[in-house]
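Please consult the sequence and the coordinates before reading each solution.

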Amino acid sequence: MAKINDNYLKLKAGYLFPEIARRVNAFAEANPEAKIIRLGIGDVTEPLPEACRAAMIQAVEEMGDRATFKGYGPEQGYAWLREKIASHDFQARGCDIDASEIFISDGSKCDTGNILDIFGKDNRIAVTDPVYPVYVDTNVMAGHTGEANEKGEYGGLVYLPVTAENNFTAEIPTQKVDLIYLCFPNNPTGATATREHLQAWVNYAKANNSIIFFDAAYEAYITDPDLPHSIYEIEGARDCAIEFRSFSKNAGFTGTRCALTVVPKTLKAKAADGADVELWKLWNRRQSTKFNGVSYIVQRGAEAVYSEAGKSQINALVNFYLENAKIIRTQLMAAGLEVYGGVNAPYVWVKTPHGLSSWDFFDKLLQVYNVVGTPGSGFGAAGEGYFRISAFNSRENVEEAMKRIVEKFKV
């Protein structure tokens, strides 16, 4: 009989968002008259920017003509898109990133998991707690962890608590770790990192020959000019960091799928024989073997992000969600709740009142106010007692959800 990958059996029952969907669906079936407002999953709701739609439509037309038809594209992404990204997102901010170091993909979620293909099983891995679940679960699947304890913490991982006491930015570990997951602006807490904080991480990584996996999927939401958008704005980061970005949360590509990963050619790690190996070569080989690239149509849509019209439309889209976050933050504070995030980020992190557990607060919001959020405990043990509210929804729904909570909620 065929054998399974037993590491999958270590995973806690149900991924966070399917469990949310299960509870919401059960409530909706039992209460068909309830008007449920979903502020849980970080999925955008507003239409694709016009510039992106126009570019995609033009690309579809090109696919209908033999002279302009495109078949397989380069697995790394088309050069014209990579060059735009390098120029606008990195070089314009003083980052020494070349277009050849950028790989186009179908999602930063995918790449933060797939990147493990090029790393060995003996690395000591650090994650923040709370944490985006994909970072942990993909390491479990790859066999990099032991079993989970009663808190849901997996053996073999180093957990770095992020709390109100440290402004939800993890302290530098005292022990040596090899791979470090950082996400800023942070999902789920909405926290941001200063240049000084990121410089400390880069210094640590270089001193310990560590690699930082830097998830910058929400960088477009940074409005504070003093905050860095990229790890590569930090001196020395080319020698110790891989950055992941996405077109999902700025341009609304959650349903069309386009993202990117930056692997500097100066970045190296050790082989079993002690030799230094360029990670760019390994990632390029991995992508060329396991990935066929993002469609030409979608990449043309992504290229339009960098047009003058595209930049204006995306700025308006990001500001729309930031205003939603401001409304959520302001109204929840008015209700007497302890609130974090929601500034330079599309997520608001709420302390649950009355000592309620994260899932008990989830059930209360769903059953009493018909509002859906995300239990903090689903992001890790340190997330217990907190709750994430997403700004990704229509203005009407956000205002209605906050009205329900403020009018009825008693702290």
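**Exercise 1.** Identify the backbone atom that lies 3.1 Å from a polar atom of the side chain of lysine 249, and describe the surroundings of this lysine in the predicted model.

*Solution.* The backbone atom is the oxygen of glycine 42. Lysine 249 itself belongs to helix H7, which spans residues 248–251. Next, consider charge: lysine 249 is buried and forms no salt bridge. Its nearest side chain of opposite charge is that of aspartate 43, at 7.0 Å, whereas a salt bridge requires a distance within 4 Å. Finally, beyond its neighbours within four places in sequence, lysine 249 contacts residues including Gly42, Tyr218, Tyr221 and Phe392.

**Exercise 2.** State which residues UniProt lists for "domain: Aminotransferase class I/classII large", and how far apart the ends of that span lie.

*Solution.* The unreviewed UniProt entry gives residues 35–405 for this domain. The end C-alpha atoms of the span are 14 Å apart.

**Exercise 3.** Classify the ring pair of tyrosine 321 and phenylalanine 392, and explain which parts it connects.

*Solution.* The whole structure contains 25 aromatic pairs. In this one, the ring centres are 4.9 Å apart and the planes meet at 70°, so the pair is edge-to-face. Tyrosine 321 sits in helix H10 (residues 308–334) and phenylalanine 392 in the loop between strand S15 (386–390) and helix H12 (395–408); the pair therefore ties together parts 71 residues apart in sequence. Both tyrosine 321 and phenylalanine 392 are buried.

Key. Residues numbered from 1 in each chain as written. Predicted model: local features only at pLDDT ≥ 70, side-chain atom pairs only at ≥ 80, totals over all residues. Heavy atoms only, no water. Helix = DSSP H or I, 4+ residues; strand = E, 2+ residues; numbered from the N terminus. Buried < 20%, exposed > 50% of the residue type's maximum accessible area, 1.4 Å probe, protein only. Lys, Arg positive; Asp, Glu negative; His and termini not counted. Polar contact = N/O pair within 3.5 Å; in protein donor to acceptor, adjacent residues only side chain to side chain. Contact = heavy atoms within 4.5 Å. UniProt positions renumbered as here; feature names shortened; annotations may be inferred. Phe/Tyr/Trp six-rings, centres within 6.5 Å; stacked < 30°, edge-to-face > 60°.
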